[in-house]
Amino acid sequence: MRPMLSAPAPVLRSLVTGHPPYRATQTEIREAARTLFPRMAARRGMLDVFSNAQIDSRAIARPLDWYLQPRGLGEKNAVFIEEGRALTVRLAREALARAEVAPQEVDAVLVVNTSGLSTPSLDAHLIDTLGLNRHAVRLPIWGLGCAGGAAGLARAADLVRAGFRRVLLVAVELCSLTLVKGDESQSNFVGTALFADGGAALVVTAADMPGPAPLVALPGAYSTLIEDSADIMGWDVVDEGLKVRFSRDIPALVRSMMRQNVAEALATQRWHSDNLTYVVHPGGVKVVAAYEEALGLGAGTLDASRRVLTAHGNMSSVTVLFVLEEVLKGSPSGHGLLSAMGPGFSAEHVLLEF
């Protein structure tokens, strides 16, 4: 008997990114921080975090002045639903058009987010508004934070392997709405200097489906949950909203574990790291530098991550998909690895074939 051949890997047919309607420069946000956090801003050197973040400007869900007034969880979440729905619909419609997939042909819908709550989940609104297949499998993914874009891409590919031949994935994060006015904690202050709003939509299909040339194939993925690490990153739910919690130890964690973790991910496909293209979530400039150190990467290897951070800030789950879009502009070839870390604390990797 002939050996059975494995099916071709799922492929990415389209990728679209975008933002909510408002934008502020890092200088404007730094000045707003003086009003939002007067005690922290008065501490020597604290405002330097805004320049050290190496971000030029960021998209936000409301005009900057809106954030200068106290807002409760209910008010913030109402904005998340309003702007999140608008952004996901716009991006999903364009992603389907680029992939040459009719709305009623979609077999499964995934929505990734961590910065707001919606029940029914945002995928239900997408189905109603875009006329997607009402029998499509719905998979909302909440709580993975910065790792959500990588995990969502992996799950979309898994669904294709399971027989769902046209899968729509949308990620949306409005991190600016998690700002808590008057919270003088260092995590909240640093988050104000770093986090931003954005969205991405993409279509993953079986390789034999008709349509435009694939952007990249998705042969596998690798997930790791680090033991005893729940306190490294997450939300504390307070009356004023979702209060950010994260540790300054994340770069040290990257340096200590990422070389071995990446090697394990590559080993699932019997790949090696020579000439690998890296698509890394830029959690911050120190996190990017820690990846370079841990993996022994040469100068310029993670420039796409740095460009996205500078132009857009850290948009949580969405950011690594912006980096993938940036990397694809260079028409890479060979093998690649998309990598992100997030609450859990976890590492998510997606293997890429360009």
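A salt bridge, as I use the term today, is a side-chain nitrogen of Lys or Arg within 4 Å of a carboxyl oxygen of Asp or Glu. By that rule the structure holds 15 salt bridges. What you see above is a predicted model, so please keep that in mind throughout.

Let me go through some of these bridges. One of them joins E105 and R166, with the closest N and O atoms 4.0 Å apart. E105 sits in the loop between α4, residues 73–99, and β4, residues 108–113, while R166 belongs to strand β6, residues 166–174, so this pair ties together parts that are 61 residues apart in sequence. E105 is partly exposed, and its relative accessible area is 31%.

Another bridge stays inside one element. D158 pairs with R161, and here the closest N and O atoms are 3.1 Å apart. Both residues lie in helix α6, residues 148–161, three residues apart, which is about one turn of the helix. D158 is partly exposed at 31% relative accessible area, and R161 also counts as partly exposed, at 41%.

Next come E292 and R306, whose side chains meet in a salt bridge at 2.7 Å, N to O. What does this pair tie together? E292 is in helix α9, residues 285–295, and R306 is in helix α10, residues 303–312, so the bridge links parts that are 14 residues apart in sequence. E292 counts as buried, because its relative accessibility is 15% and buried means under 20%. R306, on the other hand, is partly exposed, with a relative accessible area of 29%.

Elsewhere in the chain, R30, E31 and R34 are linked in a network of salt bridges.

Charge also turns up in another arrangement. E227, D228, D231 and D249 gather in a patch of negative charge on the surface. Take E227 as an example: its place is the loop between β8, residues 216–225, and β9, residues 233–238. At 67% relative accessibility, E227 counts as exposed.

Now to the annotations. UniProt, in an unreviewed entry, lists a domain called "Chalcone/stilbene synthase N-terminal" at residues 78–206. In the model, that stretch is 42% helix and 23% strand, and its end C-alpha atoms are 37 Å apart. The unreviewed entry in UniProt also places "Chalcone/stilbene synthase C-terminal" as a domain at residues 221–352. Over residues 221–352 the chain is 37% helix and 27% strand, with the end C-alpha atoms 9 Å apart.

Another buried residue is G199, with a relative accessible area of 0%. G199 is found in strand β7, residues 197–205. Along the chain G199 and M315 are 116 residues apart, yet their C-alpha atoms are separated by 8.2 Å.

I will finish with the backbone. Most residues other than glycine have a negative phi, and most peptide bonds are trans. Where does this model depart from that?

Let me take the peptide bonds. The bond from T119 to P120 is cis, with omega near 5 degrees. P120 lies in the loop between β4 and α5, the latter being residues 122–130. Another cis peptide bond joins G344 and F345, where omega is about -5 degrees. F345 is placed in the loop between β12, residues 335–342, and β13, residues 346–353.

Then phi. E100 is not a glycine, but its phi is positive, near 60 degrees. Its place is in the loop between α4 and β4, and at 56% relative accessibility E100 counts as exposed. R270 likewise has a positive phi, about 60 degrees, although it is not a glycine. R270 lies in the loop between α8, residues 250–267, and β11, residues 277–280. With 79% relative accessibility, R270 counts as exposed.

Note on methods
Residues numbered from 1 in each chain as written. Predicted model: local features only at pLDDT ≥ 70, side-chain atom pairs only at ≥ 80, totals over all residues. Heavy atoms only, no water. Patch = residues over 30% accessible without salt bridge, like charges linked within 9 Å, V, L, I, M, F, W, Y side chains within 5 Å. Areas by Shrake-Rupley, 256 points an atom, 1.4 Å probe, with all protein chains shown as cover. Lys, Arg positive; Asp, Glu negative; His and termini not counted. Charge placed at Lys NZ, Arg CZ, Asp CG, Glu CD. Helix = DSSP H or I, 4+ residues; strand = E, 2+ residues; numbered from the N terminus. Buried < 20%, exposed > 50% of the residue type's maximum accessible area, 1.4 Å probe, protein only. UniProt positions renumbered as here; feature names shortened; annotations may be inferred.
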